[in-house]
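Please read the following briefing alongside the sequence and the coordinates. It takes up the contact between the chains, then the sheet and helices, and then the backbone details.

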Amino acid sequence: MTMRNEINAVDLAFVVDTTGSMGGLIQAAQDQMITMLGEVTRAANINLWLGMVEYRDHPPQDQMVYKVYPFTADMQEAQKNIRCLKVEGGGDEPEAVLDGITAACRELAWWKHSCRLIILVGDAPPHGTGRHGDAFPQGCPCGETIESVTRLAEEQRITVHALGLTDSVMDAFGAISHLTGGKFFSAKQGNEAIQQIAAILKAEFADIELDRRVLDAWRAHPDIALDNLAEQAQCTRYAASSSMVRLLSRDLIEVPIVS
Amino acid sequence: MTQTNEHDIRVQILNSFLTTPHRKIDELAPLHAEALARDPLFYGHLAPWYFQKGEVRDHRTLFVAHLATSEHSEFREAAWVLLQGLAPYEVARVLDHAKRVIGKAPRSLKSSIAHYLETREQNPRQFDGAAMRARGDLKHLYASLRLKPGPRAQAILFDEQPPADSPLAALKKLAQAESAEQQAEIIVANKIPYTTAVGALKHITPALLVALINAMSPQEVINNMASLKKRGALEHPEVKALIEAKLTEAKTDKRVSTMKAKKAAEVAQLDAETERKLTEITDQRVADKVEIKRPTALFVDKSGSMTQAIEVAKQLAALVSAVTTADFRVYAFDTAAFEIKAKVPQGKRPTLSDWESAFKFIKADGGTSIGVALAKMAKERIYVEQIVLVTDEGENTAPLFRDAWTEYAKEMQVAPSVIIVKVGGSYPPFEKGLQERGIEVIAYEFKGDQYALPNVLPLLALPSKSELVDIIMGYELPHRPQEATGVHA
């Protein structure tokens, strides 16, 4: 793995439903993901790594539950992976959405200091959300719930934004995205989703130079007072304090162990 | 309309007034139009309450514009009176907004502006000061309403022949003065405003800066901090000392806007000492405005992605601790809760900088259990009557807040009201869940404008939302004094 720039690293993972019902939607979804990739790369001076998880369903509904595509910095390879997604199977309407997110959280190698995002793309809700004909009405066989996967994402500092391609996912995808601090977009808002995610990244990295100065000042003197930190970083206390929270949250500044 | 509905609408209107874009009156206008349409009675009382308690000047401008163009004569009457307390640039904005956005400028509005101008003309010192700061706005008011100016106004505004005793004449002299000493004398003798003087001067020496700062009000010093810094005022010890003296004055100057000091610090990127002084002004000014008498807890959501909530919480903690006379606790939570304590000597109130230090190593990570802090308080038997939640409402881990609240209410024999400051989004099922348990909830949406946060304080200072609405309803629409009812020709 090449050395990553710690300040502006972004790990982005698409978690995509590739069951048969996506047949009429996959082309548009692929186009949106690729457009989003371009927009996100252009949105700010970021060092982007892209990963992907495609999910279908548990047996007997489908033989493939999910498949993980590791993070890559090669955007051509990433685009190729997106373009190669094929849809099939799935069985009943609800799918292994929760498995897809769990796999993304647990099996992708998220970098310690990166800004972490999942974009969930699908047309069907998870199991156990009260849909008619659900083969697993008591909940997903993986044992996860919307609450548990969103907790897992939050614990890993991952924000999930969701692009719902049908109205039936609005409640479940809305909850998943909201409970991790992300946003839900309907298919009609595809362009808005792209713009908003680009805007989120722009905001996250708007103060990149300031963050760099604060980090440098902090590393030179880890016991530095906030006043002095602000002075050395040539910013206000407020700006230094905000920057500290960003850097702390991405583990770029370690919280000292108090004995 | 049932009483509950009526209250809900009024609370919604109040909530909307929390988020305030600065200098974007057009974006703010629909809020006023909607509030006036939904509950004119409440809007009419809200206006005088806001004139006394509110912080954002744009709202005052809009209250006057909307009342002035209302179909209700008592509202137009109230606007007539409220307009007299505005600055000339605000009066110009009222007129423009009424004409351009609302589409009408009734006779009572014209009469109010005519009286406004006439009153200022009667006091040459006041008129000259206004003309110096807002010449264009005054000209605009006379010209748009085709009002005949008095001789002094005519000479100053339209003939460009200011009387020899006016500061505008002094400004002409200032532009022609050859030495810095002469310039300084003219500035001091005529109290020429900073922004006006710097436009007339090519080169500004430290001696001139001293003269200029001496002529400034504390608010002007704060407003022009970035410009003063650019001109080297903070590098010169004597000039810097003068600025600091003005800032000390600002602490007790009731005309100084509560959050302007903080804004100035941010914009100007000041040194730590000057910034600390500006922060002290903010804290002092806030402390003068309200008093929170009920024991209060502030819960800060520090789960993953809540970095902004942590910043908002610091501001709120400082605002609340500056004005509370009751017990005040701050907790940060993800799936666990811990108390955050600002270290200050006994008997001293923590300031924003104390809270910044206390929050220094708080980072956003982990899942979300909004109830966990309240469960901890129940266990430790800490009594509060209101809880401020700074959160996006996305709880995914037990104890859920509604369950913890029910348990707390049972254990502590109290039903704390809940004020939600929504940061980074909202999740309607959360609030619905609270309302289903009969929990009194007021929700505010924070849209990134930290300067609107002081508007939360009057609401925290009151026992309940019903009482708040009652208090606002107790503010009477102002009436003009009998002698002012004549129409200016």
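**Two chains in contact**

In this predicted model, 28 residues of chain A are in contact with 33 residues of chain B, where a contact means that the C-beta atoms of two residues, placed from the backbone, lie within 7 Å. On the side of chain A that touches chain B, α4 (146-155), α8 (226-232) and α9 (237-249) of chain A each supply at least two residues, and α9(A) gives the largest share, nine residues. The residues on this side of chain A divide into nine nonpolar, ten polar and nine charged, with Ala, Val, Leu, Ile, Met, Phe, Trp, Tyr, Cys and Pro counted as nonpolar, Asp, Glu, Lys and Arg as charged, and the others, Gly among them, as polar.

**Basis and confidence**

- Residues are numbered from 1 along each chain as its sequence is written, while chains are lettered from A and ligands numbered from 1 in the order in which they are written.
- Because the model is predicted, local features need pLDDT of at least 70 and side-chain atom pairs count only at pLDDT 80 or more, whereas totals for chains, interfaces and linings use all residues.
- The model scores ipTM 0.86 and pTM 0.66.
- The mean pLDDT of chain B is 84, and 85% of its residues reach 70 or more, pLDDT being the predictor's confidence in each residue, from 0 to 100.

**Overall make-up of the chains**

- Chain A has nine helices and six strands, and chain B has 25 helices and six strands; helices (H or I, at least four residues) and strands (E, at least two) are DSSP runs, numbered from the N terminus.
- Of the 259 residues of chain A, 53% count as buried, and of the 489 residues in chain B, 48% do; a residue is buried if 20 or more other C-beta atoms lie within 10 Å of its own, exposed if 12 or fewer, and partly exposed in between, with C-beta atoms placed from the backbone.
- Among contacts with a separation of 6 or more, residues 24 or more positions apart account for 73% in chain A and for 75% in chain B.

**The sheet of chain B**

- Chain B holds an open sheet of six strands in the order β3-β2-β1-β4-β5-β6, with mixed pairing, two strands being paired if DSSP finds at least two bridges between them.
- The edge strands are β3 (337-340) and β6 (441-446) of chain B, each of which pairs on one side only, and the twist averages 20° from one strand to the next.
- Helix α19 (residues 307-323) of chain B packs on the sheet, where it touches β1, β2 (328-333), β4, β5 and β6 of chain B, and its direction makes about 165° with that of β1(B); axes are lines fitted to C-alpha atoms, for helices over the stretch in contact, and angles run from 0 to 180 degrees between N-to-C directions.

- Strand β4 (residues 386-391) of chain B is largely enclosed by the rest of the structure, because six of its six residues are buried.
- Q386(B), V388(B) and V390(B) point one way from β4(B), while I387(B), L389(B) and T391(B) point the other way.
- Strand β1 (residues 296-301) of chain B runs parallel to β4(B) and is joined to it by five bridges, with V388(B) as the bridge partner of L298(B).
- Strand β5 (residues 417-423) of chain B pairs with β4(B) in the parallel sense over six bridges; here Q386(B) stands opposite S417(B), and T391(B) has K422(B) as its bridge partner.
- A right-handed β-α-β unit is made by β4(B), helix α22 (residues 401-412) of chain B and β5(B); a crossover is right-handed if, with the strands pointing away from the viewer, the path from the first strand over the helix to the second runs clockwise.

**Backbone details**

- Most residues other than glycine have a negative phi, and most peptide bonds are trans.
- The peptide bond from A398(B) to P399(B) is cis, with omega near 0°, and P399(B) is found in the loop between β4 and α22 of chain B.
- The peptide bond from P59(A) to P60(A) is also cis, with omega near 5°.
- D251(A), in the segment after α9 of chain A, has a positive phi near 60° and counts as partly exposed, with 15 C-beta neighbours inside 10 Å.
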